Amino acid sequence: TQYRALNSPAPVSLPAWASLPASPPAVQPTPSPPAPVVSKATEEQTAPPKQQHEGSSGTGFFVTAEGAVLTNAHVVENCSVIRTTTSQGATAAAKVIARDVLNDLALLGAGLVANRVAAFRTTVRLGEAVEAFGYPLTDVLSKSGNFTLGNVSALVGIGEDSRYLQISAPVQPGNSGGPLLDQSGNLVGVVSAKLNALKLMLATNGDIPQNVNFAIKASIVTNFLDTNGVSYSTGGATQSMQPADLADQAKAISVFIECE
């Protein structure tokens, strides 16, 4: 069974009840009228209308001072225009430099100057406190970003998938591609997916999951960056920070991504 991570246009091999789409637009398009009945001959001669891409949004974060941004591949799938905006309000068009659909990662060239970049820590322990930052549901929630707290619930994802961490930090559509930090501000993962509560409820005859979310491990991200020749910072911080300070750091490295 396939699932789509956060309304991911690209199928990912996980159960159907896992999802974490990019945040869709608040105003949905008007449904098209029913298609007229046509003869087989006419149908064969008429090409089907090309499906229009609906705008969506997600989150990314700086990995280099020159403005390289890391996000999920599904956040920038089929975009004709990609815009990135920093927490200070600087906006620039971005282009995809590299994509890894299998691991749901993408690297963008944003042309923005990064005041702070992510520092990667590739080991994490079960039960560690983690924090997620992103721009979920911006037509409904805060446009300045959303910061949540949680823990590492498991060191693998669905079906023992070793690329993922399971986390309890609440995330919503639009959190896709956002940073997951440890208590010292090191980046330990990239928010990627969550269980679809409705589908799981139907699959289990009534059980509703609570805060069962997933992040791609930092080690998968650093392998992706190594493969594409991108230098990055290694996280060596060990001193615990207050949540408010962590929120400031997470916001400083993050960008809001719009896909049209």
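Select Ser254 first: its relative accessibility is 0%, so this residue counts as buried (under 20% relative accessible area, with exposed over 50% and partly exposed in between; 1.4 Å probe, protein chains only). The model is predicted, with local features requiring pLDDT of at least 70 and side-chain atom pairs pLDDT 80 or more, while totals for chains, interfaces and linings use all residues. Residues are numbered from 1 along each chain as its sequence is written, and side-chain values use heavy atoms, leaving out hydrogens and water.

Stay on Ser254 and display its side chain. A polar atom there lies 2.6 Å from the backbone oxygen of Ala250. Next, show the residues around Ser254. Apart from neighbours within four places in sequence, Ser254 is in contact (heavy atoms within 4.5 Å) with Gly60, Phe61, Thr86, Ser87, Phe133, Tyr135 and Pro179.

Now select residues 254-259, which make up strand β15, the strand that holds Ser254. Strands here are DSSP runs of E with at least two residues, and helices are runs of H or I with at least four, numbered from the N terminus.

Move on to Cys259, also in strand β15. Cys259 counts as buried because its relative accessibility is 2%. Its sulfur atom is 1.9 Å from that of Cys79, and the two form a disulfide (a pair of cysteine sulfur atoms within 2.5 Å). Cys79 sits in the loop between β3 (68-71) and β4 (82-86), so the pair ties together parts 180 residues apart in sequence.

Finally, zoom out to the protein chain. It has four helices and 15 strands, and 49% of its 260 residues count as buried.

Key:
A polar contact is a pair of N or O atoms within 3.5 Å; within protein, one must be able to donate a hydrogen and the other to accept it, and residues adjacent in sequence count only if both atoms are side-chain atoms.
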